[in-house]
Amino acid sequence: MKQKQTGLVRICAALRDLPGNSQPELAIAGRSNAGKSSLINALLGLKLAHVSQTPGKTRTINYYKTGKGFYIVDLPGYGFARIPKADQDTWVRLIEGYLRRPKSIFCVLLLLDARHSPSPLDLRMKEWLSARKLPTLYVAMKSDRVPRGKRRSTIKRIREELFLDLSTPVHFFSARTGEGKDLLWRAILHRLEFSPILQD
């Protein structure tokens with residue numbers, strides 16, 4: 001379902017470009033090839049975020065209006081080796097600088113590739129989010145490429161390698177088939193409803 005009043009509203013190349021805390025923010029984090037743009041387009045039902053065949057193209061923090069009272073914030077992907085180290089370091093500072101603004105962030109989606117084990121960088125991001133006490137939803141992307149018979153072992157592997165407890169859900173998601181879209185939306189809106197941000 002397409003949502004009303006959606007669109008790209010701000011592009012931030014530096015921390016000084018970030019807007020004030022006018023609305024709650026849902027941050028999207030993950031490796032360069034995790035499928036962040038595909039997830040954003042699938043959630044909003046519109047082709048707003050550019051889906052590139054070359055990882056590492058998102059080098060800014062991009063704000064999308066959802067029409068549901070919050071922004072989706074697309075963070076630069078991490079871990080693409082072909083990007084010069086100086087650029088990677090700049091993105092790390094940009095991502096971490098953004099995530100130090102917890103008053104505006106009601107939830108972070110940490111995107112993982114369901115086909116592979118979480119990388120050391122995924123674990124580093126998970127630990128960083130945990131240390132900042134940022135509410136996080138874990139999303140196993142490209143689930144259409146994981147056979148049904150391997151779903152349980154996939155979730156088990158993700159939980160073990162990211163040191164997640166059994167009560168932490170891992171959401172399967174496929175931008176191609178739409179699998180998991182409605183469940184993920186419900187989880188996002190639940191986090192928004194009970195966020196302390198709305199109580200301030």
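I looked up Glu-96 and found it buried, at 19% relative accessible area (buried is under 20%, exposed over 50%, partly exposed in between, with a 1.4 Å probe and protein chains only). The model is predicted, so local features need pLDDT of at least 70 and side-chain atom pairs 80 or more, while totals for chains, interfaces and linings use all residues. Residues are numbered from 1 along each chain as its sequence is written, and side-chain values use heavy atoms, without hydrogens and water.

I then checked the partner of Glu-96. Its side chain meets that of Arg-124 in a salt bridge, 3.8 Å from N to O (a side-chain nitrogen of Lys or Arg within 4 Å of a carboxyl oxygen of Asp or Glu). Arg-124 is in helix H3 (residues 120-131) and Glu-96 in helix H2, so the bridge ties together parts 28 residues apart in sequence (helices are DSSP runs of H or I, at least four residues, and strands are E runs of at least two, numbered from the N terminus). Arg-124 is partly exposed, at 47%.

I noted Glu-160 next. Glu-160 pairs with Lys-156 in a salt bridge, with the closest N and O atoms 2.5 Å apart. Both lie in helix H4, four residues apart, about one turn of the helix. I recorded nine salt bridges in the structure.

Last, I checked Ser-104, in the loop between helix H2 (85-99) and strand E5 (105-113). Ser-104 is buried, at 1% relative accessibility. Beyond neighbours within four places in sequence, Ser-104 contacts Asn-21, Gln-23, Pro-24, Glu-25 and Ile-197 (contact means heavy atoms within 4.5 Å).
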